[in-house]
Amino acid sequence: METAVSAAVLEAPGRARTVEVARPEPGAGQVRVRLEGCGICGSNLPLWEGRPWFEYPREPGAPGHEGWGVIDAVGEEVDRWATGDRVAFLSDHAFAEYDLAAADALARIPEPLAGRAFPGEALACAMNVFARTGIEAGQRVAIVGIGFLGAVLVQLATRAGARVTAVSRRPFARDVAREMGAAEAVSLERAADAFSAGLADCAIEVTGQQAPLDLAAELTRVRGRLIIAGYHQDGPRTVNMQLWNWRGLDVVNAHERDPRVYVAGIRSAADAIASGALDPEPLYTHRVPLDALGRGLELLRERPDGFLKALVLT
């Protein structure tokens, strides 16, 4: 008899429930992971809010993709992994008790991180964005948008020796940026004043919105680097090409799509946390059980004071 396990289903915009499904069995080249948790990503929000092109209900566990847990079954043709290995992995159905992952879509969570939350894909995003920035010691950096990703980037840039100015509309987020090492943290309205004495060598937009993208370009010096880390998913954008031309900006769309690069980013994040070079723990501000996924998604939508990132724990 098949073993029944729990998975969350987005059955309509703004409505989630937990269902019982058959526990998945790994095929050749796959492992099964007993999930400990999965991060809630900003890219999950459109599915929660609803768009005309989405169909519901979604598959059980979707669109969870920041999962971590322990391997409890290994399929054929898998020789690098064993039951009991604690891993973060790439998948699309991790809002569940169990999920499957390809053997080459896994990264080991090192022993120093035992018992700690590890939404690997989200952390990989931060590591991979930072790798694309070219930030060096002594440079001036603007980070526009301080959510989870922006706050991690503040840490990474500061520890690389840059002088970071964080820009955020939320006073709470500005406080967090200072705690993460930002030299100063200002509102969007005060950003121009903060850079009146000299523009940034590198500006990173981390919101996925038009106005902050425009602001990040304005804050970038001649021959500086404009890094787009925000996930723009609500339609086309316009850019001030005259400004971009005049300043000769290097513009980097820092979104990776190669799974191998993502897995490498997960490993880099694990190493950075284990060595003490990165501490994301204070940025996991909310935790909800699997049967309260809807509450976690509402937190993402509302972004109340004190919110940066929610984790679904199973």
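A residue is called buried here if its relative accessible area is under 20%, exposed if over 50%, and partly exposed in between, with a 1.4 Å probe and protein chains only. The model is a predicted one, in which local features need pLDDT of at least 70 and side-chain atom pairs count only at pLDDT 80 or more, while totals for chains, interfaces and linings use all residues. Residues are numbered from 1 along each chain as its sequence is written, and side-chain values use heavy atoms, with hydrogens and water left out.

In helix α4, residues 171–179, the buried residues are A173, R174, V176 and A177. Viewed down the axis of α4, these buried residues fall within an arc of 160° (taken from the directions from the helix axis to the C-beta atoms), so they line one face of the helix. P171 and E179, on the other side of α4, are exposed. The buried residues of α4 pack against α3 (148–159), β9 (163–167) and β10 (184–186), contact being heavy atoms within 4.5 Å.

The ring centres of F148 and Y284 are 5.8 Å apart and their planes stand at 25°, so the pair is stacked (centres within 6.5 Å, planes under 30 degrees apart).

K309 lies over the face of F148, 5.1 Å from the ring centre, where the criterion is NZ of Lys or CZ of Arg within 6 Å of the ring centre and within 35 degrees of the ring normal.

Terms used:
Helix = DSSP H or I, 4+ residues; strand = E, 2+ residues; numbered from the N terminus. Phe/Tyr/Trp six-rings, centres within 6.5 Å; stacked < 30°, edge-to-face > 60°.
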